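Subject: Structure for your review

Dear colleague,

Please find the structure below, together with its sequence. My notes on the salt bridges follow it.

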Amino acid sequence: MMGERTVMQEPLFYSFRIEDHVPQDHLLRSVDRFVDLTDIREHLKPFYSSTGRPSVDPELMIRMLIIGYCMGIRSERRLCEEVHLNLAYRWFCRLDLDGAVPDHSTFSKNRHGRFRDSDLLRKLFEMTVERCMREGLVGAEGFAVDASLIRADVHRQRSVPGDEGLPTEAAGRAVAEYLEVLDDAAFGGATPVEPKRINLTDPAARWTAATREAAFYSYSTNYLIDLDHAVIVDVEATTSVRQAEVTAQRRMIERTQERFGLRPERLVADTAYGSAPNLAWLVEDKGIEPHIPVFDKSARSDDTFARSDFAYDPQDDSYRCPGGKRLRPSNRNFKTPRPLANADGFIRYRASQKDCQACNLKQHCAPRTATRKIMRSVHEGARDLARDISKSDAYLVSRRQRKKVEMLFAHLKRILKLDRLRLRGPNGAKDEFHLAAAAQNLRKLAKMRPMPGLAAA
């Protein structure tokens, strides 16, 4: 007998529990165990008025933002629609079937006001780090650091040449934030070099051609991760230049030490962090082993002797050339003492002209100059330590472990869909990077500490 669908009739009462309709293996069930927002209201209390109508619950907005960044929902308008329709999202947000979903404009008003004034999103990220530490996922023996370019939300053509500067009629929230960070070492003060172009919509975004693609405007997200389970222990937004990324590395190491008491034994990074001052800061100031390739341009391509062919004598503070002659910082006595190091922190060791002119190896050493000179950094001791570490087996392990931070950037762009910013200005970049890093840590917790009775993925 053929069945016929009964036309829906509205019952007088429903017996319905959202809890019963969310699968046990749903990602948000695992994430929910590690989200503790009990301190949110107390943290935000000074930023709300004691009178007036009740506001939208800040915990609801934070839970919705966690959903958006964990599930790769980039638009807040679409996020509100998804929370309205999806039972799992309603369950995570503690909304009943008839619970009202806030308007998408509420997020923008709170982000530019209370959330930024209270640094709430930074606090949210640090809460995920603390939970990872309690779960035993942070060992603090080795850290890795790296930066990745994220496209800014601007139009390429709406810009002016960098040497012209920002026009006086330029206005907007992103422009005001740019003017505020002109002296910040992570943004405007990162380098005295003028950018090639300045965007009128978001002047703090940097015009970069660091990839194989066509040049674009971007910010850099900087990750400091623990190598045990690739937990992000700190994140920093900067302009997309090397000096700013090194500054961010220092800030993150100091902040992690102060905030969580984490003191890594070694730091793994690429050559961008291998400058002499940075290696000296790690070794001498922080006592951290630099598993970092040394940034060195002393190699030669004209078949002449390289700097490595000259032996340094620390007792005599001189170099001995392949011909057996000495190169010293100074071969003359001046009435007025002159500084040995230049502004970049390098000391020039020169051979005497008499020795070079009589040497049979001159054509293989200094064929186009009267004498040979060697540049040595005032931080050469830290550079030598980094070179010695690079010859060890532990360094080979560190090279493989460094890929963990690159995998996090790939996950950020491909899975969480953060290959382009949606918010503008330095504060917008900070907000997005904090939320994305918090989401990655929560997903890490859900993977490493699965629901009881469920096998780990």
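Glu177 is a buried residue, with a relative accessible area of 6%. Please bear in mind that the model is a predicted one. The partner of Glu177 in a salt bridge is Arg116, with 3.4 Å between the closest N and O atoms. Arg116 belongs to helix H6 (residues 104-117) and Glu177 to helix H8 (residues 173-180), so this contact ties together parts that lie 61 residues apart in sequence. Arg116 is likewise buried, its relative accessible area being 19%, which falls under the 20% cut-off for that class.

Across the whole structure, the search returned 39 salt bridges. One of them pairs the side chains of Glu59 and Arg41, at 3.3 Å from N to O. Because Glu59 sits in helix H3 (residues 58-70) and Arg41 in helix H2 (residues 40-44), the pair joins parts separated by 18 residues in sequence. Glu59 counts as buried at 17% relative accessibility, whereas Arg41, at 42%, counts as partly exposed.

A further salt bridge connects Asp270 with Arg402, where the closest N and O atoms are 3.9 Å apart. This pair links distant parts of the chain, 132 residues apart: Asp270 is in the loop between strand S7 (266-268) and helix H10 (276-285), and Arg402 is in the loop between helix H14 (393-401) and helix H15 (403-414). Asp270 and Arg402 are both buried.

Finally, salt bridges with shared partners unite Arg122, Glu126, Glu130, Asp184, Asp234, Glu236, Arg251, Arg255 and Arg259 in one network.

With kind regards

Definitions and conventions
Residues numbered from 1 in each chain as written. Predicted model: local features only at pLDDT ≥ 70, side-chain atom pairs only at ≥ 80, totals over all residues. Heavy atoms only, no water. Salt bridge = Lys/Arg side-chain N within 4 Å of Asp/Glu carboxyl O. Helix = DSSP H or I, 4+ residues; strand = E, 2+ residues; numbered from the N terminus. Buried < 20%, exposed > 50% of the residue type's maximum accessible area, 1.4 Å probe, protein only.
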